[in-house]
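Subject: Structure handed over, with notes

Dear colleague,

Please find below the structure I promised to pass on to you. My notes on it follow directly after.

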Amino acid sequence: SPSTLGRGICIITGASKGFGHTLAQQVCSLLESGSVLLLVARTGTLLQKLTEELQSSTSAQQLVVRCIEADLSTEEGVKETVRAAKQEDVKDVDHVLLINNAASLPSISHFSSFINPDEVNSYLFFNVTSALTLTAGILQAFPPRPGLRWTVVNISSAFALQALPSWVLYCTGKAAREMMFRVLAAEEPNVKVLSYSPGPMDTEMQEEICRLTGACYDLLPCQEPGAKLMKLLLDNNFISGSHIDFFDA
Amino acid sequence: MQRTWNSPLGQALCIITGASRGFGREAATQISRLVSPGSVLILVARSEDDLRTLQAELTESKAGKAGLVVRYVAADLGLMEGVESVVKASKEASSDNIEHLILINNAASLGDVSRFTREFTDMAEVNSYLSLNVSSSLCLTSSVLQAFPQRPRLQRTVVNISSLCALKPFPSWVLYCTGKAARDMMFKVLAEEEPTLRVLNYAPGPMDTHMQDEARVKTADLNVRKSFTRMAANGLLLSCEESCAKLMKLLRENTYESGAHIDVYDV
């Protein structure tokens, strides 16, 4: 299988920490000279730090690493990200890779506690709508065509497929994304779509889950599920629209 | 519950959303014949005129004359006030001796099927869709369950009107498929959390409704559009009556696994 992801324009959301941070580092090492890596997150300072680290550690590779501080729960944040991507010099790029990783943890409580539409909407708008509109925007910015490799990754969860008590918003959001990306896969012959479930990792999100629920798992270091995702992308054998879990053989 | 052969759903409080036309209207009509006298039917939709007409019809029907109480609430379920008004009307109309609470989450919209996923860059449009088709059914269900909590001798049934689209992606149908998949999962979580609740994801099949007309005319994907046109031309569309009768059968028999997705063609 190939050892690089080509000369790409790669966009990673939720890139300032956790899994997104790790993916940024791992993708960097697989991109060829002339590639562009755009890191998107809400928190400017962390993002800036990561961008500088990556830019200097990959200086030999001649990559462009840029950060976009954007709130993807807003129209403006999504548009700004698409605008920034369009401004990059991508004429020789042979791979567009979008990794929809940004996510938030909802209130973890009983179904019947969710009586306020504003709370539910706020969660769905960030975790579902923004992934859809960002993906659409990037597809329009770099129209798929034969000869251009186009990959969309949806960072998913086992709970996109399996109901978990007290987790209605999270399961609903992940299930929504799963179907959304399956529809995209069914529509776009020149785009490969992958829903990837990385398993429970040693991130702030997982710390929060442990604190709130007492459900504290043996956590995977982000590098492990990250490496498996990289291998899936390098091998590129997955069927577009499929769901692959870190724990799958 | 005092189920009798002619009132298999017992003394019930039934809340049906999207009751003004199509499948919701049919559900109101059919369920009115299965509940015992003194039961309450709460019809919810946005269109007050259509609701008033249906209320009058049902009040004049055999069931109405035997004592079925029919109320309507014109409400926007995307707003908390809308949800609250349904709960308020339900509490006011019902009595302490209801044996069966039935909530049918039927209200839905198709979304714009004339475009492909890559064309959905308008956040407001997608948000509005999710608010109506996902959030409102969650908030309404939660509010109703809070207002009518679990107690002995009360069976609580929650139905989600689902679709094949909850399970299978259809090109140019991203909003509808996403919304239905979200809802199926939502109600599966509810079923897992509350073992005393009866939860059913019912997919009614392709019916002869306004929504189907819209689908047939507007669908961007040629293959999907052709298959709808073919279904209509070959008389393969179900009437709301046929499909609803299957739902009523499931409710009457009450043997479905809570949280299951059941398609009209499975019954």
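Between chain A and chain B an area of about 3900 Å² is buried, of which carbon and sulfur atoms give 69%; buried area is the accessible area (1.4 Å probe) that two parts lose on being put together, summed over both. On the chain A side, A:Phe111, A:Ile115 and A:Met179 lose the most area to chain B, together 18% of what that side buries. Counted by residues, 53 of chain A are in contact with 49 of chain B, where contact means heavy atoms within 4.5 Å.

Before the details, please keep in mind that this is a predicted model, in which local features need pLDDT of at least 70 and side-chain atom pairs count only at pLDDT 80 or more, while totals for chains, interfaces and linings use all residues. Residues are numbered from 1 along each chain as its sequence is written, chains are lettered from A and ligands numbered from 1 in the order in which they are written, and side-chain values use heavy atoms, with hydrogens and water left out.

Chain A

The secondary structure of chain A comes to seven helices and seven strands, where helices (H or I, at least four residues) and strands (E, at least two) are DSSP runs numbered from the N terminus. Along the sequence these elements follow the pattern β-α-β-α-β-α-β-α-β-α-β-α-α-β. The radius of gyration of chain A is 17 Å, close to the 18 Å that the globule rule gives for 249 residues, so chain A is as compact as a globular protein of that length; the radius is taken over C-alpha atoms, and the rule is 2.2 Å times the number of residues to the power 0.38. Along its principal axes, the C-alpha trace of chain A spans about 55 × 40 × 35 Å.

Of the 249 residues in chain A, 57% are buried, with buried meaning under 20% relative accessible area, exposed over 50%, and partly exposed in between (1.4 Å probe, protein chains only). Among the contacts in chain A between residues at least 6 apart in sequence, 75% join residues at least 24 apart.

A:Gly34 sits in the loop between α1 (18–28) and β2 (36–41) and is partly exposed, with a relative accessible area of 35%. Leaving aside neighbours within four places in sequence, A:Gly34 is in contact with A:Arg7, A:Gln61 and A:Gln62; the C-alpha atoms of A:Gly34 and A:Arg7, 27 residues apart along the chain, are separated by 6.2 Å. A:Pro146, in the loop between α4 (117–141) and β5 (149–155), counts as exposed at 65% relative accessibility, and from A:Pro146 to A:Thr203, 57 residues apart in sequence, the C-alpha to C-alpha distance is 38 Å.

Chain B

Chain B has nine helices and seven strands. Its radius of gyration is 18 Å, close to the 18 Å that the globule rule gives for 267 residues, so chain B is as compact as a globular protein of that length. Buried residues make up 59% of the 267 residues in chain B, and residues 24 or more positions apart account for 77% of the contacts in chain B with a separation of 6 or more.

Within helix α1 (residues 22–32) of chain B lies B:Ala27, which is buried with a relative accessible area of 0%. Not counting residues up to four places away in sequence, B:Ala27 touches B:Ile16, B:Ile104, B:Cys244 and B:Met248, and the C-alpha atoms of B:Ala27 and B:Asn106, 79 residues apart in sequence, are 9.2 Å apart in space. B:Asn133, in helix α5 (residues 123–147), is likewise buried, at 2% relative accessible area, and touches B:Ala108, B:Ser109 and B:Arg183 when residues up to four places away in sequence are not counted.

Finally, two residues of chain B other than glycine deserve a note on their backbone angles. B:Arg153 has a positive phi, near 65°, in the loop between α5 and β5 (155–161), and is exposed, with a relative accessible area of 73%. B:Ser172 also has a positive phi, of about 70°, but belongs to the loop between β5 and α6 (174–193) and counts as buried at 0% relative accessibility.

With best regards
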